[in-house]
Amino acid sequence: MAHTTQHAPQHTAQHAGHHAAPRTHRGMPRLKTTVTAAAAYLIGLFFLFPYLVMVLISLRPQDELRKAEWFPERWDLSAITGFWSGGLADNLVVSLQVAFGSTLLVLLVALPAAYYTSRHHFRGRTFFLLLVLITQMFQPTAMVVGIYREFYQFGLVDSIVALILVNGGFNLAFAVWILNAYFSSIPRELEEAAFIDGNGRLGALFRITLPLAMPGVITALIFTFIAAWNEFVVALTLATSPQNQPLPVALHSYMGQYSVDWQGLFAGSVIATIPVIILFALIERKVVGGLTAGSIK
Amino acid sequence: MKKLEPLAWVGPAVVLIAAVVIWPVVEMIRSSFLKISRFGVVQGPNGLANYEKLFAEKDFADIMVRSVIWVVAVVGLTVLISLALAQLFNQRFPGRKVARWALIAPWAASVLMTAIVFKWMLDPEVGVINLIRRDLGTFVHDVFGVDPRSLGLLSAMGGEAADQLGQASTAMPWLVFVAVFVSVPFTTYALLAGLATIPSEVYEAARMDGASRLRTYWSITLPLLRPALTVAALINVMNVFNSFPIIWAMTRGQPGYDTATSTIFMYILKNSDIGESAAMSVVNFGMVIVLTAIFLKVSRWKQEVA
């Protein structure tokens, strides 16, 4: 039952982490800390830089876009405030539908599968988990032609349903994997006790196990949401008509036009990017463990 | 009844994977042997003609070589930089949480959006990178009184040519740069998780033995970090191999096919000949299978699952 400890290393890791770095006893630890901190902040800033630029451009008025200056002379919020009434608002709605739809699909499909595999040894269990692990390595990019051909035959090209199915399918692996680890870490006895106290099997599941596994559930959901929200290749291939395109595809085709409305483009990018970065920060710690599938020990 | 129970719980997941992940693979392989019109109508079997046409493309060999170099360069640089960053961010300093948090941004943001910003930043006239080149040049000229062109300083940022995405020799390094930029955060986090599992006693023992810093890192940290490193590197190989949005948004594989990888080529072919594009996909997929097999081997999944 090695998998019961799958995310446990993460927790113990946090404690070990404080001692892991070799400490120096030789002179001026303060200076060393200052230099380390300064370097780390600079690097942090470096990785934030493109997103700060993104915000900066979205606030730059149209007539100043071709000026080779760092900051605009006047700030202009109209691209962001006007976004909701512009054409791209529809694409934002499509993005939301795809992301929420895929998340719901993953929740409905992954939750029972992960729970059952953590509690029962049935025939085909190993096969199922192998299937999941292999899926985790597959990405839609390499098989986008196959995906296109399949949905073409079903007459589902250019539909939101197709995007929900594909995003749900490809993100299922991560969700099953991380949920399975969480369920396995919850002692069976807790559930048994609730069962004996007169709750049904499902009652015990919903009252005891699910609340305890909530951090895993939330991680899986946010991860799926972000992945579906950011997905580009499949949407570029399947969503052919403008009103069915999620935001990234719409922004991309925006860029292909003769004169690029960079301000509008970046207003859309800011709206598509900043919330996702914040969401991701909430689950970051658990994602590493889920993606590397317990191979870090 | 008991026998059917697993089907009710696990069945939907299997069906979804089969329909969305497995079926396209089958469909892709099947299509690669069919003659398909531009509008998707199957015109009958095509034998190996799609593959023959693909291998006969005059850019095919270049594209395959470039794909391999692309993966090796991006993953290699990513791993080296992430090793250094993980070491840095593993130190204790005030505000570590915030600094680590900043590192998340390129990981969380859509790769396409990041690529679009970089494309703008590389704009020949108003892009920020051009502004840096200009201001740095002025600074060097004003302070040291030398012509910045004589220092090689500007060539480090793409040389004299302002339109750096317009020619392959400067576009390719920038594409690699952006790919490394978006891969480093995950890799650093994976390595930080790996570093955190190394017990502090090991370091104390090394210190008692009088091992130097470098020696400790080489003989203790790196070997103990290897599982994390291998898995992170493999996940990167898979991501970088499949990386499409960066090149697509920044150069579309142009000029000619000079910055195209096999994934980009596959996508361009899709618009002219679906059968040939499917053949390219199958070749790509073969490589994915090999990578997956290696991943399964090193991730020791059997111990995990059984």
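**Overview**

In chain B, residues 24 or more positions apart account for 66% of the contacts with a separation of 6 or more; two residues are in contact if their C-beta atoms, placed from the backbone, lie within 7 Å. In chain A, 78% of the contacts between residues at least 6 apart in sequence join residues at least 24 apart. This is a predicted model, in which local features need pLDDT of at least 70, side-chain atom pairs count only at pLDDT 80 or more, and totals for chains, interfaces and linings use all residues. Residues are numbered from 1 along each chain as its sequence is written, while chains are lettered from A and ligands numbered from 1 in the order in which they are written.

**Confidence**

- The model scores ipTM 0.84 and pTM 0.84.
- Chain B has an average pLDDT of 83, and 92% of its residues score at least 70; pLDDT is the predictor's confidence in each residue, from 0 to 100.

**Chain architecture**

- Chain A comprises 13 helices and zero strands, where helices (H or I, at least four residues) and strands (E, at least two) are DSSP runs numbered from the N terminus.
- Chain B comprises 13 helices and two strands, and its C-alpha trace spans about 70 × 60 × 30 Å along its principal axes.
- Of the 297 residues in chain A, 47% are buried; a residue is buried if 20 or more other C-beta atoms lie within 10 Å of its own, exposed if 12 or fewer, and partly exposed in between, with C-beta atoms placed from the backbone.
- Of the 306 residues in chain B, 44% are buried.

**Interface between the chains**

- Contacts link 94 residues of chain A with 96 residues of chain B.
- Helix 2 (residues 29–58) of chain A supplies the largest share of the side of chain A that touches chain B, namely 16 residues.
- By class, that side of chain A has 61 nonpolar, 27 polar and six charged residues; Ala, Val, Leu, Ile, Met, Phe, Trp, Tyr, Cys and Pro count as nonpolar, Asp, Glu, Lys and Arg as charged, and the others, Gly among them, as polar.
- A37(A) lies in helix 2 of chain A and touches F93(B), P94(B) and G95(B), not counting residues up to four places away in sequence.
- A37(A) counts as partly exposed because it has 18 C-beta neighbours inside 10 Å.

- Leaving out residues up to four places away in sequence, V176(A) touches A110(A), A113(A), A114(A), V132(A) and A13(B).
- A175(A) is found in helix 7 (residues 160–185) of chain A and is buried, with 28 other C-beta atoms within 10 Å.
- With the same exclusion of residues up to four places away in sequence, A175(A) touches V106(A), A110(A), A220(A) and T224(A).

**Helix 11 of chain B**

- Helix 11 (residues 262–270) of chain B is largely enclosed by the rest of the structure, because seven of its nine residues are buried.
- Those buried residues are S262(B), T263(B), I264(B), F265(B), M266(B), Y267(B) and L269(B).
- Their cover includes helix 6 (144–153) of chain A, together with helix 3 (60–90), helix 10 (245–250) and helix 12 (274–298) of chain B.
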